[in-house]
Amino acid sequence: MIPDFLNDPSHWGHFLFWSAFKVMMAFAIIMPMVAYSVMLERRVSAAIQDRIGPNRVGPFGILQPMADGLKAILKEDFTPSHVRRIYFILAPAISMIPAFLTVAVIPFGSKLGNQNMVIANLNVGILYTFSIVSLGVYGIVLAGYASNSKYPFLGGIRASAQMISYEIAMGMAAVPVFMLVGDLNLGKVIAYQADGAWLVFKQPIAFVIFLVSAFAETNRLPFDMPESETELVSGYNTEYSSMKFALFFMGEYAAMISVSALMVTLFFGGWTLPFMGLNETATSLAGGILHILIFLIKIAFFMILFVWIRWMLPRFRYDQLMDLGWKRFLPLALANIIITAVILWIGHL
Amino acid sequence: MEALLFYLFASLTLICGLLVVANPLTRNPVTSAMFLVLTIVSMAGLFVLLHAFFLAAVQVMVYAGAVIVLFLFVIMLLDIKSVEQKGFNPLSLFMGLLGLLAVGGMVIQSILRSNVGQGLKPQLEGATKELGVELFTHYVLAFEIMGVLLLVGMMGVILLSKKDLK
Amino acid sequence: MIGLEHYLIVSALLFSLGMMGVILRRNLIVIYMGLELMLNAANLALVAFSRFNNSMDGQVMVFFVITVAAAEVAVGLALIVALYRKRQSTEVADLTTLKL
């Protein structure tokens, strides 16, 4: 994983250039996706509630995210006097960063020219992802602590308990995938799915647990207890305004995108499609771009699912949430691991 | 490049470690906890330099992701103010630092004198698979005991956090 | 070239820092953090030995240390919470008697 060229100065320039290029590209793709998923959320919710939604700015309202961004920047950045100032400023940034770090190991395409379309091809890719996901809780907890008032504090406490609990279910749900693949590298997971069936068909239980845990990890309805605007007046971000609030908001959507990318990679074959030879590594430039597009479309599908569920389901009660995580999903995930192990063992006999 | 990264991560680890225990600006336990997170993460960087990739990931996942969140959780729940404002007793501070320097200096002296790294080349590739094989063959008993230990720990915590501790 | 002794010295320094925390600080929770630092210093030394002696045993030991540390922190923090319920304090100076 630390390739030898790190010790070979003649390759540094090449390595740094391509890494920087890929990081920039991933960033340049994700930021507009974040903006337009907010837009998507507003339009879909409007459709579900039989409204029209934002359609004034630009044709069909497609410039609405720019207007939102401009509004967030121009608003007064108000800091209440009772907050713990350093953490108050740090928390929004901390909540944003892990979502972007996760993307680093996810292969978002096959090949473009002679470059693999993954920023860092780690051989412990999934472990890296889970360790970064587990850092996501700090932004919210610190926001709750820094705000130094009742509702944000309760939101922060709820968030830390909820995210730790569901992280375990999420990790356990992903274990059978790697038992089948036999490798922790996400590129190998995609290669395995390209050869056979997508893992969602082989591990449906794991996928369902992973999906529901993803909702809890990103604090989305029906598990948005840390925010729950009706009882905690939007929880940890109550005291935030202007761009700091916008950072939390964007952090939430960025986390949704990265967890969708993870689900696409683990269960839906990543950038592959099982027909028209799209399972093969691209040889032409057009093929490479097509693979990236396939990946983005699969993510978009999950984003729509996230939004759709938010406007269809009511919120859980907190004890029901904990029950679901610890008493249903964790045992189910463990049973799934054992069953997978037994099937693999029988296959080896 | 590797030397550069080593000095970067090592100095980060030590500086953040120092700020955990003796932050000149604040005695706030939350600040200590946050610097502990930074210490752990930069130490994961050192693990990566030692090619222990699995352990680096586990280090971040378990320590930064769970243990320190627990710390924060308890600090927030107990609402501990940074009360520790009264200074240290100068004599005990002096003696403590002296003893510390003596112990640290002794260990470092003996490391330097013993030529412990002489002729040793970095060679082990800490692949996840080999670690797993080792864990489930030679160390399988220890592994099982660890499971029991975790169970006992869990039961202890549940008992201890009952409201009416008798 | 970075050798074994470089890692060992970092480990020794980190261990000293952790010990300093345990000796100097009065808050039980921060003392606990000092303990964590000491455990981590030991982990670093073990991983370094493991790499330079071409043996997996050190890494397995680190795996166990991390597991035990997690259990230890859970139990320790539960004890601190229980103590806090009785005494409304986490300062070691307030906990000088051997009874609750």
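Okay, ground rules. The model is predicted, so local features need pLDDT of at least 70 and side-chain atom pairs count only at pLDDT 80 or more, while totals for chains, interfaces and linings use all residues. Residues are numbered from 1 along each chain as its sequence is written, chains are lettered from A and ligands numbered from 1 in the order in which they are written, and side-chain values use heavy atoms, with hydrogens and water left out.

Cavities, then. How many of 30 Å³ or more does the structure hold? There are three. A cavity here is a set of points, on a 1 Å grid over the protein atoms alone, where a 1.4 Å probe fits but cannot get out, and lining residues have an atom within 4 Å of a point. Points are joined across faces, edges and corners, and the volume is the space filled by probe spheres set on them.

The largest cavity comes to about 320 Å³. It has 21 lining residues, and the closest to its centre are Gly136(A), Met163(A), Glu217(A), Thr218(A) and Ala255(A). H3, H4, helix H6 (150-181) and helix H11 (242-267) of chain A each give two or more residues, with H11(A) giving the most, seven. Those labels are DSSP runs numbered from the N terminus: helices are H or I, at least four residues, and strands are E, at least two. By class, that lining has 12 nonpolar, seven polar and two charged residues. Nonpolar is Ala, Val, Leu, Ile, Met, Phe, Trp, Tyr, Cys and Pro; charged is Asp, Glu, Lys and Arg; the others, Gly among them, are polar.

The second largest cavity is about 150 Å³. Of its 13 lining residues, Ile30(A), Val103(A), Phe108(A), Phe295(A) and Leu296(A) are the closest to its centre. Its lining has 12 nonpolar residues, one polar and no charged ones.

Now Ser95(A), in helix H3 (residues 85-102) of chain A. A polar atom of its side chain lies 2.8 Å from the backbone oxygen of Pro92(A). Beyond neighbours within four places in sequence, Ser95(A) is in contact (heavy atoms within 4.5 Å) with Gly139(A), Leu247(A), Phe248(A) and Gly251(A).

Last one: Leu122(A), in the loop between strand S2 (115-116) and helix H4 (125-135) of chain A.

Note on methods:
A polar contact is a pair of N or O atoms within 3.5 Å; within protein, one must be able to donate a hydrogen and the other to accept it, and residues adjacent in sequence count only if both atoms are side-chain atoms. On a 1 Å grid over the protein atoms alone, a cavity is a set of points where a 1.4 Å probe fits but cannot get out, and a pocket is an open set with protein on both sides within 12 Å along at least five of seven lines; lining residues have an atom within 4 Å of a point.
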